[in-house]
Amino acid sequence: MKAITYPIQHQLQTQNLNCGQTALSMLLTSMGNAKTIDGCMTIVSNYDGHKGSEWGSLAIDAATACVGLGYTVTFYSFDNRITDFSWASMSSSQMLEQLSALENTLVIPSLGAELTKMYIQGYQNFLKAGGELKVLPYPTTEFLNELIEKAPFTPTVCFNTLHGRGKSRTIGLRETVPDDVNGIAATHAIVVYGRDEQGNFLFADPWETNGLLKVNGEQLAAAIMAAGRDCESVLFQVEEK
């Protein structure tokens, strides 16, 4: 298989919950638009979670920020709680109508009413800004290969599935300990920046000190779907107009 590598400069996230902004900084910097992590945090905010729990940023907000910077952005949702697979053939205006219908009816228990509404509004903002939303049932290795042949992409993944690790509990900055009782399986943002000759995907992980890593296509696809616990079975791709 033909190897593909796009330039990337690995960065470590500066807070435990700013992986999304750090991934965005790595992505934009690789495209020649040097945005610092702090700079990305000014255009993509974090949220408070359900019942006062801490929450990071939403991938859809990072994608919308990229539209605002003048890029062509395609957002792929494999989620079936906010978006729906029946939307696959809908136009942007039709999707906006469906999202409006959800605003006053949908509450996802794991998110709570406020955060559910934030997700819905995130999709609305993205579509209104001019981004392209594509709804698919699941990612395949073939699909991911098609994407990487065009440009890097930024998926949201379940960290534990991606790395093959059990649940853990955070004890410091980018520091965890295994905890199968009180730990969590964390949702996480990375940048996929290439593919090697064996077909493994190359990715930059902002949590890991030695963060330029690789993963096979099946595991990457599984990690994306596992992020559905937070309605984040998604990825987006940014390209120059």
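## Helix packing and strand pairing in a predicted model

Thr5 stands opposite Gly194 of β8. Bear in mind throughout that this is a predicted model.

The sheet that holds these two strands is an open one of 4 strands, with antiparallel pairing and the order β1-β8-β9-β10. β1 (4-5) and β10 (212-215) are at its edges with a single partner strand each, so one side of each lacks a neighbour in the sheet. Helix α8 (residues 217-226) packs on this sheet, where α8 touches β8, β9 (201-204) and β10. The direction of α8 makes about 100° with that of β10.

Now for the helices. Helix α5 (residues 113-129) meets helix α3 (residues 59-68), and α5 also crosses helix α4 (residues 92-103).

| Helix pair | Axes come within | Crossing angle |
|---|---|---|
| α3 (residues 59-68) and α5 (residues 113-129) | 9 Å | roughly 20° |
| α4 (residues 92-103) and α5 | 10 Å | roughly 160° |

The axes of α3 and α5 cross at roughly 20°, which makes α3 roughly parallel to α5. This crossing of α3 and α5 is left-handed. On the α3 side, the residues in the contact are Ile60, Asp61, Ala63, Thr64 and Val67, and they meet Gly122, Tyr123, Asn125, Phe126 and Ala129 in α5. By class, the residues of the α3 contact with α5 divide into 6 nonpolar, 3 polar and 1 charged.

For the other pair, the axes of α4 and α5 cross at roughly 160°, which makes α4 roughly antiparallel to α5. α4 also passes α5 in a left-handed crossing. From α4, the contact draws on Ser92, Met95, Leu96, Leu99, Ser100, Leu102 and Glu103, while α5 brings Lys117, Ile120, Gln121, Tyr123, Gln124, Leu127 and Lys128. The residues of this contact of α4 with α5 divide into 7 nonpolar, 4 polar and 3 charged.

How many of the residues of α3 are buried? The count is 9 of its 10, so α3 is mostly covered. The buried residues are Ala59, Ile60, Asp61, Ala62, Ala63, Thr64, Ala65, Cys66 and Val67. What covers them includes the helices α1 (19-30), α2 (37-43) and α5, together with the strands β2 (72-77), β4 (154-158) and β11 (234-239). After α3 comes Gly70, whose phi is positive, near 100°.

Strand β2 is itself mostly covered, with 5 of its 6 residues buried. β2 pairs with β11 in the antiparallel sense over 6 bridges, and with strand β3 (residues 132-135) in the parallel sense over 4 bridges. Tyr76 is a handy landmark here: Tyr76 stands opposite Leu235 in β11 and opposite Lys134 in β3.

A last stop is Ser168, which lies in strand β5 (residues 168-172). Is Ser168 buried or exposed? Ser168 has a relative accessible area of 18%; buried means under 20%, so Ser168 counts as buried. Leaving aside residues up to four places away in sequence, Ser168 touches Asn160, Thr176, Val177, Pro178, Asp179, Gly183 and Ile184.

Key:
Residues are numbered from 1 along each chain as its sequence is written. This is a predicted model: local features need pLDDT of at least 70, side-chain atom pairs count only at pLDDT 80 or more; totals for chains, interfaces and linings use all residues. Side-chain values use heavy atoms; hydrogens and water are left out. Axes are lines fitted to C-alpha atoms, for helices over the stretch in contact, and angles run from 0 to 180 degrees between N-to-C directions. Angles under 35 degrees count as roughly parallel, over 145 as roughly antiparallel, 65 to 115 as roughly perpendicular and the rest as oblique. A crossing is left-handed if the near helix is turned anticlockwise from the far one by less than a right angle, and right-handed if clockwise. Contact means heavy atoms within 4.5 Å. Ala, Val, Leu, Ile, Met, Phe, Trp, Tyr, Cys and Pro count as nonpolar, Asp, Glu, Lys and Arg as charged, and the others, Gly among them, as polar. Two strands pair if DSSP finds at least two bridges between them. Buried means under 20% relative accessible area, exposed over 50%, partly exposed in between (1.4 Å probe, protein chains only).
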